[in-house]
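Start with the overall fold, then follow the text from helices to individual residues. Keep the sequence at hand.

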Amino acid sequence: MSREPLRYDVAGTGSMVVDEIHLAKRILAREEKGLLRADAQGRVVQTLVGGVTLNHLGWARVLGLRTAIFGKQADDANGRLLRAGMERLGIEHHIDRSGSASSFAQVYVDPDGARAIYMARGATGELTPEEISEQHRAVIEHAAIVTTEVSQVPLATARRVLELARAAGATTVLDLDVPLGDAVPALGSEADLYALLSLADVLKPSLAALDGLVAPGSARARARELSEKTGAKLVALTLGAAGSLLFREGEVAISPAASVAVVDTTGAGDAFLGGLLAGLKYGLDLETLARLGNACGAACCEQIGAFPERASSARARVLELYAALGGSELHLAPLAPERESAARAVERFLEIAPRELARAAARVDRKAVSAAAELVLATEAAGGRVHVTGIGKPEHIARYAASLLSSTGTPAAFLHGTEVTHGSVGQLRPGDLVIAISNSGTTEELLSAVEALRRFGAKLVAVTGRSDSPLARAADAVLDVGAVEEGDSLGLAPRASVLAKTLILAALSVELQESKGFTREDYAARHPAGELGKKSSGR
């Protein structure tokens, strides 16, 4: 009997994780320490949507599938970030928010794209078989394909998912993501694991997960043995730079990897599975199925993080790579309009901005603030003056900082950054001090101004997000706020980074104010008008 019409092409449960991705100079061994690195935008850490199940559903959605995810999270900031990502891509979610904490992972990526991942299962590890039966049965019964994983979900829970899916006539898919020793007993018993494996029509094990399940040997031999041992109709192996191998009822397809510049391999296997799910939906032959999976995996490797942030651009890149691999023409379902509601976007920003501000405060080097203050005081003691400059949004920060410093006992003047090389350097006298603000520390116009200021005999304090930038290297003192996530979907317009730089300049003003013994009466003399004038003078 036909199950059509069904609401979902694919529904899944399992890992849905906030990935905190750290750019490392190398992956450390035991007892080692190492430095992090910054990307071209000066970012050292990025907070992104991720997770084994959510990633493969995301790439399936990119290729036009109607997707849904079900499971457990907490009603916390990480959960809200994840649900916003689902909604932006059009993944329907059925989430119980009663969990202790939404899942997150710490991911360390080296310059070659290799990574190490540490996961906190959180609410995903609390999902029970009873909750699947009572809360999520309807989603399972309305899906053509049902997926789950061996990574974070308890084995007994994943088993219940596939049992219900089998009973409903769905194709069952299992992503075997972790080695046997990590799955048993942490996620459940060995009996549960083998029962779960026997329920999967499609198995995608990691190569590490094959150890202990099948004998060593060629990828072809191992895929065949796993199929025979579990009864899986299709076994999919991702082979890294060697591509992929699919084994289906005696038929084998081996497809090379697409040639791309690898940035981050996190989630490449998840993206491959998303392409595989789409190929199953569209009825592709085995060879074409492998090519589509490889194209998705390669597109994923070109970005930081595993979840596709923009469906239209991700689809365009997948199809480009798929064509390069010799894939035949595809007729994909059209994409729904990409969306993030204004209310959700505001909520996301209001979650991210305070967190980034708190991180910036924690990163502030108190000794560096004191060193900058001492440089200001020494400049004033020698008869020099203070100027503040910046270009673009930092210009507005500079105007505020000059005003704040002036009203709290440190006379300061705004210096127009682009006018410095057109005569405004004459605003200074040799020995004056300039506070120069730039998030990247690489703005060409500002660096030209700094060069002119240095030739004129100015001292320099740099306020930047990159301590290794040209601006920082040119400075006598550096106030480094580190990389800051801006908080909106584009991540381009300065928002949270403006707050972070304002914070560190306000901290500098506090140190100077206290160093000078600046009093309420001093403030009143400088600010006689308005409510602050009344408040400071006691009127």
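Helices (DSSP runs of H or I, at least four residues) and strands (DSSP runs of E, at least two) are numbered from the N terminus. This is a predicted model, in which local features need pLDDT of at least 70, side-chain atom pairs count only at pLDDT 80 or more, and totals for chains, interfaces and linings use all residues. Residues are numbered from 1 along each chain as its sequence is written, and side-chain values use heavy atoms, with hydrogens and water left out.

Take the whole protein to begin with. It has 20 helices and 18 strands. Its C-alpha atoms fill a box of roughly 90 × 50 × 50 Å along the principal axes. Of the 539 residues, 52% are buried; buried means under 20% relative accessible area, exposed over 50%, and partly exposed in between (1.4 Å probe, protein chains only). Contact means heavy atoms within 4.5 Å. Among contacts with a separation of 6 or more, 73% join residues 24 or more positions apart.

Now the surface and the charges. The accessible surface is about 22400 Å², and carbon and sulfur atoms supply 54% of it. Such areas come from the Shrake-Rupley method with a 1.4 Å probe; for residues, only the protein chains shown count as cover. There are 58 positive and 65 negative side chains, with the centres of the two sets 3 Å apart. Lys and Arg count as positive, Asp and Glu as negative; His and the chain ends are not counted. Each charge is placed at NZ of Lys, CZ of Arg, CG of Asp or CD of Glu.

Helix 11 covers residues 286-301. Its 16 residues reach 23 Å between the end C-alpha atoms, close to the 22 Å expected at 1.5 Å a residue. The expected span is 1.5 Å times one less than the number of residues. Helix 11 is mostly covered, with 14 of its 16 residues buried. Asp285 caps its N-terminal end: a side-chain oxygen of Asp285 lies 3.1 Å from the backbone nitrogen of Glu287.

Helix 18 spans residues 496-515. Its end C-alpha atoms are 29 Å apart, which agrees with the 28 Å that its 20 residues should span at 1.5 Å a residue. Its buried residues include Ala500, Ile504, Leu505, Leu508 and Leu512. Just after helix 18, Gly517 takes a positive phi of about 65°.

Leu197 sits in helix 7 (residues 190-198). It counts as buried because its relative accessibility is 1%. Beyond residues up to four places away in sequence, Leu197 touches Leu174, Leu176, Leu203, Leu213 and Thr230. Thr389 lies in strand 14 (residues 386-390). It is buried because its relative accessible area is 2%. A polar atom of the Thr389 side chain lies 3.3 Å from the backbone nitrogen of Gly417.

Finally, the backbone. Most residues other than glycine have a negative phi, and most peptide bonds are trans. Which peptide bond is cis, with omega near 10°? The bond from Val184 to Pro185. Pro185 belongs to the loop between helix 6 (180-183) and helix 7. Glu31 has a positive phi, near 70°, and lies in the loop between strand 2 (17-23) and strand 3 (45-50). Glu249 has a positive phi of about 50°, in the loop between strand 12 (244-248) and strand 13 (251-255). Glu31 is exposed, at 76% relative accessible area; Glu249 is exposed, at 64%.

How values were computed. Polar contact = N/O pair within 3.5 Å; in protein donor to acceptor, adjacent residues only side chain to side chain.
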